[in-house]
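Here is a short briefing on one chain. Please keep the model open while reading.

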Amino acid sequence: MEHSRSYRDLIVWRKSIALVGRIYSCTRSFPKEEIYGLTSQIRRAGISIPANIAEGQARNSKGEFLQFLGIAQGSLAELETLLLISQNLGYLTSTDAEGLLNDCEEISKLLAGLKRSLNS
């Protein structure tokens, strides 16, 4: 893989940024008592994905980049779990949850592809 000039060139980073916007929109309607609980946790997990992609890409080695992509993948799994919990609690509609989970699946595939290309 040719090394990108910037993390901003990465499709997975762009899609992750868009996901964060959708997460914020969907969590605005969560109960106020969840502001420091589930709402905060979902938002932090979502933010962690593009943040770790960016930090890893800015590091000095391919190994470090791969490590940060792994962290982003972990945050993505955490986010998916929190979204399912939110749906089960009735905080997210099935439509919103399905849309966000589909976005997560796409980002997961992009992360896996980026990791494969860095390893080859």
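Ser40 is partly exposed, because its relative accessible area is 21%, while buried means under 20%. Ser40 lies in helix H2. The model is a predicted one.

- Beyond residues up to four places away in sequence, Ser40 touches Glu34 and Ile35.
- Ser40 and Ser117 are 77 residues apart along the chain. Their C-alpha atoms are separated by 33 Å.

- Phe30 sits in the loop between H1 and H2.
- Phe30 is buried, because its relative accessible area is 4% and the cut-off for buried is under 20%.
- Leaving out residues up to four places away in sequence, Phe30 touches Leu38, Thr39, Ile42, Ser86, Tyr91 and Leu92.
- Tyr91 is 61 residues from Phe30 in sequence. In space, C-alpha to C-alpha, Phe30 and Tyr91 are 5.7 Å apart.
- Ser86 belongs to helix H3. Its relative accessibility is 0%, so Ser86 counts as buried.
- With residues up to four places away in sequence not counted, Ser86 touches Phe30, Leu38, Ile42, Tyr91 and Leu92.

**Tyr24 in H1**
- Tyr24 is part of helix H1.
- Its relative accessible area is 29%, so Tyr24 is partly exposed.
- Tyr24 touches Arg43 and Ile47, residues up to four places away in sequence not being counted.
- Tyr24 and Ile42 are 18 residues apart in sequence. Their C-alpha atoms are 8.9 Å apart in space.

**Glu80 in H3**
- Glu80 is in helix H3.
- Glu80 counts as partly exposed, because its relative accessibility is 24%.
- Apart from residues up to four places away in sequence, Glu80 touches Leu101, Cys104 and Glu105.
- Leu101 is 21 residues from Glu80 along the chain. The C-alpha atoms of Glu80 and Leu101 are separated by 6.4 Å.

- H4 covers residues 94-119, 26 residues in total.
- At 1.5 Å a residue, H4 should span 38 Å. The C-alpha atoms at its ends are 37 Å apart, which agrees.
- Which residues of H4 are buried? They are Ala97, Leu100, Asp103, Cys104, Ile107, Leu111, Leu114 and Leu118.
- An α-helix has 3.6 residues a turn, so residues three or four places apart point the same way.
- The cover over the buried residues of H4 includes helix H1 (11-27), helix H2 (38-58) and helix H3 (62-88).

**H1 against H4**
- The axes of H1 and H4 are 10 Å apart, and the two helices pack at an angle of about 160°.
- H1 and H4 are therefore roughly antiparallel to each other, because angles over 145 degrees count as roughly antiparallel.
- H1 passes H4 in a crossing that is left-handed.
- On the H1 side, the contact is made by Ile11, Val12, Lys15, Ser16, Leu19, Arg22, Ile23 and Cys26.
- On the H4 side, these meet Asp96, Leu100, Asp103, Cys104, Glu106, Ile107, Leu110, Leu111 and Leu114.
- By class, the residues of the H1 and H4 contact are eleven nonpolar, one polar and five charged.

**H3 against H4**
- H3 packs on H4 at an angle of about 165°, with the two axes 10 Å apart.
- H3 is therefore roughly antiparallel to H4.
- The H3 and H4 crossing is left-handed.
- The contact of H3 with H4 has 17 nonpolar, six polar and four charged residues.

**H2 against H3**
- The axes of H2 and H3 cross at roughly 160° and come within 8 Å.
- That angle makes H2 roughly antiparallel to H3.
- H2 and H3 cross in a left-handed sense.
- The contact of H2 with H3 divides into 15 nonpolar, eight polar and two charged residues.

Methods
Residues numbered from 1 in each chain as written. Predicted model: local features only at pLDDT ≥ 70, side-chain atom pairs only at ≥ 80, totals over all residues. Heavy atoms only, no water. Helix = DSSP H or I, 4+ residues; strand = E, 2+ residues; numbered from the N terminus. Expected span 1.5 Å × (residues − 1). Buried < 20%, exposed > 50% of the residue type's maximum accessible area, 1.4 Å probe, protein only. Contact = heavy atoms within 4.5 Å. Axes fitted to C-alpha atoms, helices over the stretch in contact; angles between N-to-C directions. Parallel < 35°, antiparallel > 145°, perpendicular 65-115°, else oblique. Left-handed = near helix turned anticlockwise from the far one by under 90°. Nonpolar A, V, L, I, M, F, W, Y, C, P; charged D, E, K, R; others polar.
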